[in-house]
Amino acid sequence: MKISVTVNGKRYERDVEPRTLLAYFLRESLGLTGTHVGCDTSSCGVCVVVLDGEKAVKSCTMLAVMADGHEIMTIEGLVQGGVLHPLQQGFWDQHGLQCGYCTPGMMMTSWVLLKQNPNPSEAEIREGLSGNLCRCTGYQNIVKAVEQAAAAMQSQPVETVA
Amino acid sequence: MFPAPFDYHRPGSLDETLVLLAQYGGDARVLAGGQSLIPAMRFRLARPAVLVDINQLDELAYVREADGMLAIGALARDAALERSSLIESSYPLLFDTSAVVADPVVRQMGTVVGSLCHNDPSGDWSVTALASRAQIVVRGSTGTRVVPIDEFLVDSFSTAVAEGEIALEVRFPSPPPRTSGSYQKIERKVGDFATSAAAAQITLGDDGTVAQIGIAIGAAGPTATRVADAESALRGIKPTKDAIRAAADAARKIADPVADPRGSVEFKKDMAGVLVGRALLAAFERLGVGGLR
Amino acid sequence: MSTTIEPTPTPERHAMGKSMKRKEDPRFIRGHGRYLDDFTLPGMLWMSLVHSPYPHARIVKIDKTAALAVPGVVAVLTGEDLAAHNLAWIPTFHGYDKQMVLAVGKVLYQYQEVAGVIASSREIAQDAAELVDVEYEPLDPVVNPFQSRDDKIILRDDRENKTNHIYHWEVGKREETDAAIAASDVSIKERIVFQRCHPAPLEPCGILADMNPATGRLTLYLTSQAPHAHRTVVSLVTGIPEDKIHVISPDLGGGFGNKVPVYPGYVVSAAASVVLGVPVKWIETRTENLTTTGFARDYHMDVEIGASKDGRVTALKVATVADHGAFDAAADPTKYPAGLFGIVTGSYDFPTAFTELDAYFTNKAPGGVAYRCSFRVTEASFAIERGMELLARKLNMDPSELRLLNFVKKEQFPYPSPLGFVYDSGDYHMTLRKALDMIGYEDLRKEQAEKRERGELMGIGISTFTEAVGAGPSKHFDIMGIKMFDSAEIRVHPTGSAILRAGTKSQGQGHETTWAQIAAEELGLDPQNIMVEEGDTDTAPYGLGTYASRSTPVAGAAIAMASRKIREKARKIAAHLLEAAVDDVEWTNYKFQVKGQPDHALTMQEIAFAAYTNPAPDSEPGLEATYYYDPPNLTFPYGAYIAVVDVDRETGAVKVRRFLAIDDCGTVINPMVVEGQIHGGLTEGFAIAFMQEIVYDESGNNLNTNFTEYLVPTSLETPHWETSSTCTPSPHHPIGAKGVGESPNVGSPAAFVNAVMDALAPLGVQHIDMPLTREKVWHACRQAATA
Ligand SMILES: Cc1cc2nc3c(=O)[nH]c(=O)nc-3n(C[C@H](O)[C@H](O)[C@H](O)COP(=O)(O)OP(=O)(O)OC[C@H]3O[C@@H](n4cnc5c(N)ncnc54)[C@H](O)[C@@H]3O)c2cc1C
Ligand code: FES
Ligand code: FES
């Protein structure tokens, strides 16, 4: 089936099997390997991408054909004009990653979280990220990273493009 | 892991959807949020020949009050309820539930109606729907039916939706004044289905007695289960510690869970009681009735 | 005697002891990490495995017809096909046993690999794998080691010895220990089980095998914590000369011990690539990860401690029954079948001790990896820390007092333990006192007493563990005969930047940063300009890899020593440039100067330039060195952890209200990285204490085949961690570092369990085995209520 998907602002037309999962479409058809896969049960969230600038979705639990006509943002779309997004800066500054495998998904979920709640408390961040697993960091520095990003975005709103 | 091959249709209208469902009958499955269906297909526990994707039907994405009812359309996501000020202010039971279904990412895709249609014995929405006496609007090519929730939940993973039909919306009666509720869930971690769950919704009369009440438990039988004995015992009386304790015991008695890695039958039965007690207590306290602990 | 310095950062340091941001992060935060599944090659095929639904069964027949008929399927391999290439069995890591690659004759555990399907896409490979028709004749399974002990059902008919008993191991003085315990005023004895669990890194294991028929070279992109060891194993098993094998371990999405062993999926893919002459990829599913690869623990330990009535310990005895699953694939050093379990005397000065262990085969997955711990140190630490808690209770003594009374004293180091280790350094009293102070121990005990009056359940749990890490000295430690040294190679470029290569392999620990910091500290160079490369066997010097907290103790030392070799050469160049005698040139303030003449100084950068442009007449040009470091001893990091919990007696829910971890890992290279390691390890310890276990039912079915049942805590359940440190450098390590990545996972389970048992003490509860699920705690509360 022919689909047309806008990913990180760029339109792609591809032929896919209906059963192709969005995560593999992004990784294998488009070569955007920043979106990872870590389970088969929609549990881990390393595959999270942003749908239509408003939903964080597990791309392993969405068919590529469902994205036809929609906009997707992946980790690769976070840098704007060569400048790191405050979330990227926050994760780096606060040691919010170790192996980095969960990091793209964490940042995508956080992106939507901050869009909906620009000034979240620690408890709200912990709640908001609870669909994403991390095996390395113990989450504490991830929370700090999101706090730093929130503060930076409040003082200097960034253009958020999906 | 990948689904087995299937045919995919994405109708642009409800009518088209109904035509497709009629055409493919038992071979077709409605695809809503996909948060239950796609994992099942990846494990090949589900192998539908045809998927009818309703995600394009934006007109079904509503959460609105009309005619004394809150209507939630088939494409309204859990997250829409979690973020709705209407739900937060007027539907405490629904609001509680919307925050503990699955995980916050899954909730951005998963739908309330899809969850009811999936009818997992440990699902959350069916418990809440029972306690608040919801109805489901079901449409097929021959017409529309409104099915009370007690009749809708037929058996594990089975509902009143017949081949060729679609569930259009779920309706919750708008609560009269002095109504509150609470949802209580024990889960091993976020993203786990309930080990045990309980929902309570209470309306107090002017005299402080219980005018209307709904109590239901989850993960305690083939489907969510109404604790009818507790409802009738509490109806018409002023709440007391003993009455709450008795309601909890009624839940223990009626609970018929299965043993699984989440817990033994004995544990789950007891939790059904503990959670019913806690749900009632929280609901009464939200209504300003104290002294029940 | 050990030196004791209060906390870490030494401000005058050039590069070490600083929380430098990680150099590897820029690629990860942009989504440009390169993990195994990110590699694709032209013409690549996919491999999918067929698994046994039975835990124990004879294979009657395998019919490939339907699978082979699926368009896109290239081959279906079975054990018999591999047998033709002598690859049906491979030796296990520590060399005493062998394991099946694909089942031949019978299957020995549920999910065992039975066939491999090679096809043109992942989807087709999976479709066809479903169609491989295997006929089984089920046999009775043996699902626990106590059942396996009676040898009524012999699992391994391939072995000469017709018994399920794998080995007996013991150390210490049995009679003396028995006598001492018998003569003690007080003693405790408890069966303590450390459950089977799994490292479950978020990135599963995988391989992309690429046999190039034109060059005859086999390139293996592999999720490998030990790339060189894997190259050697592949060469030994296949007979392919080692120079024709190239292992590349790319960015790893976590490892925790899971990516140390060689798995059947690797062998089948590599064999398929060799036979077909095209690249073949296999990426494990989460189910395969949890059901077939590298589990950890599964020790059933009988712990006995004797003491005088005033609380002085007299003797320790631990007898363990170990469940090794279907093959003895435990990743332990050859001479240490039970790893470093001898550390079980912990931080305490036992006059005598004895420990023994018997290992058995069962119809369960093989493994026994060092899951975020030095070999079997977690099991040992848990046993002693639980044991001390039980003893404190029996003596009616505060558990902190009992510990302070029995700790090895600072002046006893180097301390020879009764089970054969020589602890390098420590000041256990200082560290525990600091912890008690920081957490406000006395106030907490008061609060607890008040709560107990009201019937509320609050608990405080202590764990003061000592680890033995950094395997290891070559006279004792080898894996398949290869000594457990590690290596570093440093090349300083003319402009004063450098490349550093090591035999280790980071899985998130941040080696690209910390290794650069060590070299920069030793050489006075800018750590930002020292590029670190690991994981490529064509370029890195030979090393045994990263696991068991060995990287810093072993490779970290190799880096320091390679740097010092470079410094010695640089001294000669400096002497030449300064026109001074070599002996008159000294290294001060990260520069070479003529003794006592700071204005006659040269930076390493200047010397590097000269090494290529103006070399000393009597020495080789260039500036590089390689060092293979054979550690003289293990290192012994330790810590004092305190957990505070509240228990809901109605539901059995435990809330970890506070958790304080004070770690002493000797010299700290990067405090930020150390803290990150501790947060992560504590979270894994928390998961083990409260929710993780690989359970097999009575019929041998694995009940934890996915993240829906093998539970990983989220940000919401995970407690907030409080951390601090003391610093007792290792006297024998070139930079005094001891290693830290695993301490929190080793030390924390006992703190959690001790806290919950302390909370339940008023109910008379002695011990509950992990994981402390709500139901177990509820059950204990209930029994107490009805008793
Ligand atoms: C990690 C994870 C954790 C979860 N935890 C929980 C939990 O704790 N509690 C809980 O209740 N649920 C949980 N779920 C399930 C989740 O809430 C699902 O989203 C929900 O049950 C189904 O909604 P959906 O819109 O995704 O439906 P889908 O997956 O699209 O459909 C589910 C089923 O309902 C049918 N269906 C859907 N919509 C209609 C319709 N309008 N008419 C007729 N048939 C329809 C489909 O054909 C399918 O058979 C979890 C899911 C995941 C992935
Ligand atoms: S890969 Fe685990 S949730 Fe998508
Ligand atoms: S950083 Fe490794 S899983 Fe999160």
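Ligand 1 lies between chains A and B. This is a predicted model, in which local features need pLDDT of at least 70 and side-chain atom pairs count only at pLDDT 80 or more, while totals for chains, interfaces and linings use all residues. Residues are numbered from 1 along each chain as its sequence is written, chains are lettered from A and ligands numbered from 1 in the order in which they are written, and side-chain values use heavy atoms, with hydrogens and water left out.

Among the 29 residues around ligand 1 (a heavy atom within 4 Å), B:Val30, B:Gly34, B:Gln35, B:Thr111 and B:Asp124 come nearest. Polar backbone atoms of chain B also approach oxygen atoms of ligand 1, as listed here.

| Residue with polar backbone atom | Distance to an oxygen atom of ligand 1 |
|---|---|
| B:Leu37 | 2.8 Å |
| B:Ala102 | 3.1 Å |
| B:Asp192 | 3.2 Å |

On its own, ligand 1 has 960 Å² of accessible area (Shrake-Rupley method, 1.4 Å probe), and the protein covers 95% of this.

The contact between chains B and C (heavy atoms within 4.5 Å) takes 23 residues from chain B and 25 residues from chain C. Together the two chains bury about 2,100 Å² (accessible area lost on being put together, 1.4 Å probe, summed over both), with 52% of it on carbon and sulfur atoms. On the side of chain B, B:Phe2, B:Arg188 and B:Lys189 lose the most area to chain C, together 28% of what that side buries.

Seven salt bridges (a side-chain nitrogen of Lys or Arg within 4 Å of a carboxyl oxygen of Asp or Glu) are counted between chain B and chain C. B:Arg188 forms a salt bridge with C:Glu709, at 3.0 Å from N to O.

Terms used. A polar contact is a pair of N or O atoms within 3.5 Å; within protein, one must be able to donate a hydrogen and the other to accept it, and residues adjacent in sequence count only if both atoms are side-chain atoms.
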